[in-house]
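Please keep the sequence and the model side by side while reading this note. The points can be checked one at a time.

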Amino acid sequence: MKTKPLSLAAIYFTSGVVLAQELGQPTSKTPFDAYLGPMRATLGSLGSNHPEVPVVEGYVKTGRGFSYSMKDPYVPQTPAETESSHSGDCKAKSLWVAYKMDDRTLRFIVGRAHASSGMNHAWLLWKSPGGWLILDPTLLSKPIDATRVGPNEYTPRYSYSASGKFVHAGAVSAKPTGQVKYGDHA
């Protein structure tokens with residue numbers, strides 16, 4: 001029996017706006033597996049907290065206020081390092097927000113914030129009581145409704161949750177050649 005890809009809902013395009021986020025298909029490996037130990041440890045330690053949206057907005061705003069710095073282009077620093085230095089890259093800031101939220105239902109996403117970008121970017125996807133939100137403490141000061149992004153924005157390639165890893169249509173349509181670059185929103 002064939003299984004259909006997991007999705008929040010069917011993806012409809014109306015006036016160039018994506019009305020749902022695609023959640024991908026489970027996979028056994030991704031090109032980033034060797035680099036994401038701190039991410040796996042953080043997601044694996046998350047509890048069953050379901051913070052209120054204003055609390056999450058505060059975490060995103062605080063993370064956005066942290067200075068931008070990258071220690072390693074591939075391996076994210078831990079949330080403790082990010083909190084003590086008040087700095088980090090997209091991977092570190094997203095992990096810090098995930099740690100503060102303590103909600104194992106969220107997804108850590110690696111993809112493209114903008115289709116024209118030549119580099120990958122990391123952010124979170126979270127199901128709030130009002131629907132799916134994109135949490136990007138590197139580029140945004142507050143969460144955005146996933147139904148409000150255009151088809152060329154916030155395109156996931158791979159995502160990770162406490163329960164597994166997933167490959168998305170964005171990875172299939174843009175197979176990398178040579179060494180995979182894991183950088184930031186260039």
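1. The structure is a predicted model.

2. Strand β7 and its surroundings. Strand β7 spans residues 107–114. Seven of the eight residues of β7 are buried, so the rest of the structure largely encloses this strand.

3. Pairing of β7 with β8. Strand β8 covers residues 121–128, and five bridges join it to β7. The two strands run antiparallel. They form a hairpin, with six residues between β7 and β8.

4. Pairing of β7 with β11. Strand β7 is also joined to strand β11, residues 153–161, by six bridges. This pair is antiparallel as well.

5. Arg 107. A polar atom of the Arg 107 side chain lies 2.9 Å from the backbone oxygen of Leu 23. Leaving aside residues up to four places away in sequence, Arg 107 touches Leu 23, Trp 123, Leu 124, Leu 125, Ser 159, Tyr 160, Ser 161, Phe 166 and His 168.

6. Tyr 154 in β11. Most residues other than glycine have a negative phi. Tyr 154 is not a glycine, yet its phi is positive, at about 45°. Tyr 154 is in strand β11. With a relative accessibility of 6%, Tyr 154 counts as buried.

7. His 86. A positive phi is also found at His 86, where the value is near 50° and the residue is again not a glycine. His 86 sits in the loop between α3 (79–85) and β6. Its relative accessible area is 45%, so His 86 is classed as partly exposed; the class lies between the cut-offs of 20% and 50%.

8. Ser 87. Strand β6 consists of residues 87–88, and Ser 87 belongs to it. Ser 87 is buried, at 10% relative accessibility. Which residue does the side chain of Ser 87 meet in a polar contact? The partner is the side chain of Ser 85, at 3.0 Å. Ser 87 and Ser 67 are 20 residues apart along the chain, but their C-alpha atoms are separated by 4.5 Å. Not counting residues up to four places away in sequence, Ser 87 touches Phe 66, Ser 67, Ser 69, Gln 77 and Thr 82.

9. The cavity. Rolling a probe the size of a water molecule over the atoms shows where empty space is left. How many cavities of 30 Å³ or more does a search of the whole structure find? The search finds one. The largest cavity holds about 30 Å³ of space. Its lining is made up of Ser 69, Met 70, Lys 71, Asp 72, Val 75, Pro 76, Gln 77, Asp 89 and Ala 92. Sorted by class, the lining has four nonpolar, two polar and three charged residues. Ser 69 and Gln 77 line this cavity, and both are among the residues that Ser 87 touches.

How values were computed:
Residues are numbered from 1 along each chain as its sequence is written. This is a predicted model: local features need pLDDT of at least 70, side-chain atom pairs count only at pLDDT 80 or more; totals for chains, interfaces and linings use all residues. Side-chain values use heavy atoms; hydrogens and water are left out. On a 1 Å grid over the protein atoms alone, a cavity is a set of points where a 1.4 Å probe fits but cannot get out, and a pocket is an open set with protein on both sides within 12 Å along at least five of seven lines; lining residues have an atom within 4 Å of a point. Grid points are joined across faces, edges and corners, and a volume is the space filled by probe spheres set on the points. Ala, Val, Leu, Ile, Met, Phe, Trp, Tyr, Cys and Pro count as nonpolar, Asp, Glu, Lys and Arg as charged, and the others, Gly among them, as polar. Helices (H or I, at least four residues) and strands (E, at least two) are DSSP runs, numbered from the N terminus. Buried means under 20% relative accessible area, exposed over 50%, partly exposed in between (1.4 Å probe, protein chains only). Contact means heavy atoms within 4.5 Å. A polar contact is a pair of N or O atoms within 3.5 Å; within protein, one must be able to donate a hydrogen and the other to accept it, and residues adjacent in sequence count only if both atoms are side-chain atoms. Two strands pair if DSSP finds at least two bridges between them.
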